[in-house]
Structures are given as C-alpha cells and as structure tokens.
Amino acid sequence: AELGEDWTASLRARDVASGANEVDSLALRGTGQISGGGTQRAATGDLDLEASGLAPADPAFARAIGGLLTGTLQFAWSDGAPLRLSSLDLTAGPTTITGARDLDVADADAALDGALGLRASELSRFADLAGLPDLSGALNADLDASGALLGGAIAIDLDGEGRDLAVGIAEADALIGGRADLKITAARDSDGVKLDILSLATEAVSLQANGLLASSGSSLDLT
C-alpha cells in the first residue's frame, strides 16, 4: 500500500483464519482514501476480491457458498463504527449477492445488518441453512438480514420469486412448482429455523405457514 490520503493495495494471503473460519487463498486489490489520525481514523475504498478454499465453521453456510467467492464492493470504515459495505456484487458458484444499500459488518463472526439482493439458481445449496434437506429450485429475492453470518444465527425478511421450487414431498411439490411468489420472515439459530411468516402463492395454491424447522423435529401450522 502507498501511504498518504490516497491508497492502492494488492494483497495475496494463504491459510487465513478468523476463529474457526478458514480460507486457503485470499486475493484483494483496491484503491481508496485514508483520513485522520489517532482515534479518529477513517478509510474508504473500492475492492476486487477472490477467496478460494473457503471453509466457514458453520457447515450449512459452507455448503451454501461453496469454496470460491469472487466479486467487487465499496467499503467505509472509521474508529468506533462497524465496517460499512455498499455496491456489493459477489458470486459464489451459481449464487449472486448484490447490495444496493449499505450493509454494516462487525466482529469475527461477520455480524451484519443491511439489505441484499439474492439470485440463486441452485437452492439445493441452501437446504441445510433452510432446514429443508430436499429443497431445490431457483430464487430471485430481496432481503433484509441481521445477525452473525459466520456464527450461524441470522434473521431475514425476504420477498422474492421462486421457480420450480421443491421440498421433496410429492404432494407439496406438485403445488409449488412453476412460478411462486414468496415472502419469508424467519430466524435461524442452533435450535433450527423459526418461521414467523411463510407466504407462498402459485397458480395452484396460496399458502400461509409458521413454525419451527429443526433436525430434531419440525412443527408447522399451515393455513
């Protein structure tokens, strides 16, 4: 990096670890500005990144993102404030994550709070996160998210459109295939996925549900 108000950097690192989260190889290239000094430091920048050999501590999250993450983003940081990300454009396998609004990230578990766009052509990768082992299909969605991304506990409010959704139950799959308008308000922690609102509408059915999805046993109320 070059010192002064303007900065440029090119970084390559191997065997990066943060707690139980590991990355085999990380490459960052960026430009930006640094200001202030002492306890009033601040920095902004534009970054290109590539992380390979991703191994998050949470197996469900590891399956969702796969082993390679590439993309671009802008960031802003200052002393005493969370890292703020914007203009996200990240790709992990068949999944694209974008962020038109600010996303605040803090601490080693990547505690986040913000809005994201999700374009997932293989929902099966999110089956463990959702607590639905046979989940498949595709989803385009906008969501507000908060929680510890790498720590596993996260809450979402999602509005989206699904295509060819399936959950591995023949009777249900016949109703939710094709185009599906979807709204979900849910929280995931070590106990499972708590659904406060699940609203799904297709040509064949209009469904409302809430309850708990967990490996130890699930309970849903359907209307």
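Me: What makes H2 stand out in the lining of the second largest pocket?

Reply: Helix H2 gives the most to that lining, with 3 residues. Keep in mind that this is a predicted model. The elements that give two or more residues to the lining are H2 (127-130), S11 and strand S12 (192-201).

Me: How many residues line the second largest pocket, and which lie nearest its centre?

Reply: There are 16 lining residues, and Asp128, Gly131, Gly192, Ala214 and Ser215 lie nearest the centre. As for volume, the second largest pocket has about 220 Å³.

Me: Let's go to S11. Which residue there has a polar contact with Asp157, and why is it called that?

Reply: That's Thr185, whose side chain is joined to the one of Asp157 at 3.4 Å. The cut-off for such a pair of N or O atoms is within 3.5 Å, so 3.4 Å qualifies. Thr185 is found in strand S11 (residues 179-189). Leaving aside neighbours within four places in sequence, Thr185 is also in contact with Ile156, Lys194, Leu195, Asp196 and Ile197, besides Asp157.

Me: Why are Trp7 and Phe75 called a tilted aromatic pair?

Reply: A search of the whole structure finds 1 aromatic pair, and this is the one: 6.2 Å centre to centre, with 35° between the planes. Ring centres have to lie within 6.5 Å, so 6.2 Å counts as a pair. Under 30 degrees would be stacked and over 60 edge-to-face, so 35° is tilted.

Me: What makes this a link between distant parts of the chain?

Reply: Trp7 sits in strand S1 (residues 6-18) and Phe75 in strand S4 (residues 68-78), 68 residues apart. Both Trp7 and Phe75 are buried.

Me: How do you know that S1 and S2 pair, and in which sense?

Reply: At least two bridges are needed, and S1 and strand S2 (residues 21-35) have 12, so they pair, in the antiparallel sense. Across from Arg14 you'll find Ser25 in S2. The hairpin of S1 and S2 has 2 residues between the strands, and Gly19 takes a positive phi near 65° there.

Me: Why is Ala55 called partly exposed?

Reply: Its relative accessible area is 31%. Buried would be under 20% and exposed over 50%, so Ala55 falls in between. Ala55 is in strand S3 (residues 42-55).

Me: What does Ala55 touch, not counting residues up to four places away in sequence?

Reply: Ala55 touches Ala20, Asn21 and Glu22. The C-alpha atoms of Ala55 and Val23 are separated by 6.0 Å, though these residues are 32 apart along the chain.

Note on methods. Residues are numbered from 1 along each chain as its sequence is written. This is a predicted model: local features need pLDDT of at least 70, side-chain atom pairs count only at pLDDT 80 or more; totals for chains, interfaces and linings use all residues. Side-chain values use heavy atoms; hydrogens and water are left out. Rings of Phe, Tyr and Trp (its six-membered ring) pair if their centres lie within 6.5 Å; planes under 30 degrees apart count as stacked, over 60 as edge-to-face and the rest as tilted. Helices (H or I, at least four residues) and strands (E, at least two) are DSSP runs, numbered from the N terminus. Buried means under 20% relative accessible area, exposed over 50%, partly exposed in between (1.4 Å probe, protein chains only). A polar contact is a pair of N or O atoms within 3.5 Å; within protein, one must be able to donate a hydrogen and the other to accept it, and residues adjacent in sequence count only if both atoms are side-chain atoms. Contact means heavy atoms within 4.5 Å. On a 1 Å grid over the protein atoms alone, a cavity is a set of points where a 1.4 Å probe fits but cannot get out, and a pocket is an open set with protein on both sides within 12 Å along at least five of seven lines; lining residues have an atom within 4 Å of a point. Grid points are joined across faces, edges and corners, and a volume is the space filled by probe spheres set on the points.
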